[in-house]
Amino acid sequence: MDRLNEEKIQRFEEFIDRRLKPDLVKAISERDKVFEQQKVFSDLRKSLENLEKNSVTSLRSMVNLGSEVYAQAEVPDTRHIFVDVGLGFHVELTWSEALNIIPAREEKLAKQIEEYTRLIAQIKAQIKMVSQGIRELLQLPEE
């Protein structure tokens with residue numbers, strides 16, 4: 001194999017290792033974060049529906065303070081909750097107001113998941129295409 005092909009192969013391998021693979025890991029990580037947010041909103045919706053169904057007005061619960069350290073919490077009035085609406089802002093809402101905004105938020109998160117899934121598929125296709133180019137330069141048979 002000549003020197004030019006060896007350099008091309010090395011550049012393609014570096015492109016895969018230094019650009020495409022880190023991009024793929026980052027996209028998967030970001031999609032996982034959105035999945036977690038989607039689960040939080042789904043759990044919130046279910047909790048609010050249960051509270052509303054059972055007409056709960058006060059609540060005792062264990063709250064995770066971090067690092068799996070829990071403290072007992074008492075909520076004397078559950079009619080209003082604070083919902084994270086993004087950028088560090090929390091809005092005080094009634095149960096019905098929260099139940100009205102949750103579907104829109106879940107829809108937005110579902111679209112983000114679709115976008116990340118498409119991006120992941122594109123990156124995987126690019127990795128496969130570059131790998132195929134390397135195989136051709138090495139004159140290896142297709143898999």
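In what order do the elements of the protein run from the N terminus on? The order is α-β-β-β-β-α, which comprises 2 helices and 4 strands. The model is a predicted one.

The C-alpha trace spans about 80 × 30 × 30 Å along its principal axes. Of the contacts with a separation of 6 or more, 54% link residues 24 or more positions apart.

| Property of the protein | Value |
|---|---|
| Buried share of the 143 residues | 22% |

The largest nonpolar core has 13 residues, and the members that touch the most others are Phe41, Leu48, Ile81, Val83, Trp95 and Ala98. Two or more residues each come from helix H1 (3-54), strand E3 and helix H2 (95-138). H2 contributes the most, with 6 residues. Beyond its neighbours within four places in sequence, Leu48 contacts Ile81, Trp95, Ala98, Leu99 and Ile102. Another core lies apart from this one and holds 11 residues, including Ile9, Ala27, Val130 and Ile134.

In soluble globular proteins, nonpolar side chains tend to be buried together. On the surface, however, Val85, Leu87, Phe89, Val91 and Ile101 form a nonpolar patch with about 490 Å² of accessible area together. Val85 belongs to strand E3 (residues 80-86). Val85 counts as partly exposed because its relative accessibility is 40%, between the 20% and 50% cut-offs.

Terms used:
Residues numbered from 1 in each chain as written. Predicted model: local features only at pLDDT ≥ 70, side-chain atom pairs only at ≥ 80, totals over all residues. Heavy atoms only, no water. Patch = residues over 30% accessible without salt bridge, like charges linked within 9 Å, V, L, I, M, F, W, Y side chains within 5 Å. Areas by Shrake-Rupley, 256 points an atom, 1.4 Å probe, with all protein chains shown as cover. Salt bridge = Lys/Arg side-chain N within 4 Å of Asp/Glu carboxyl O. Buried < 20%, exposed > 50% of the residue type's maximum accessible area, 1.4 Å probe, protein only. Core = buried A, V, L, I, M, F, W, Y, C linked by side-chain atoms within 4.5 Å. Contact = heavy atoms within 4.5 Å.
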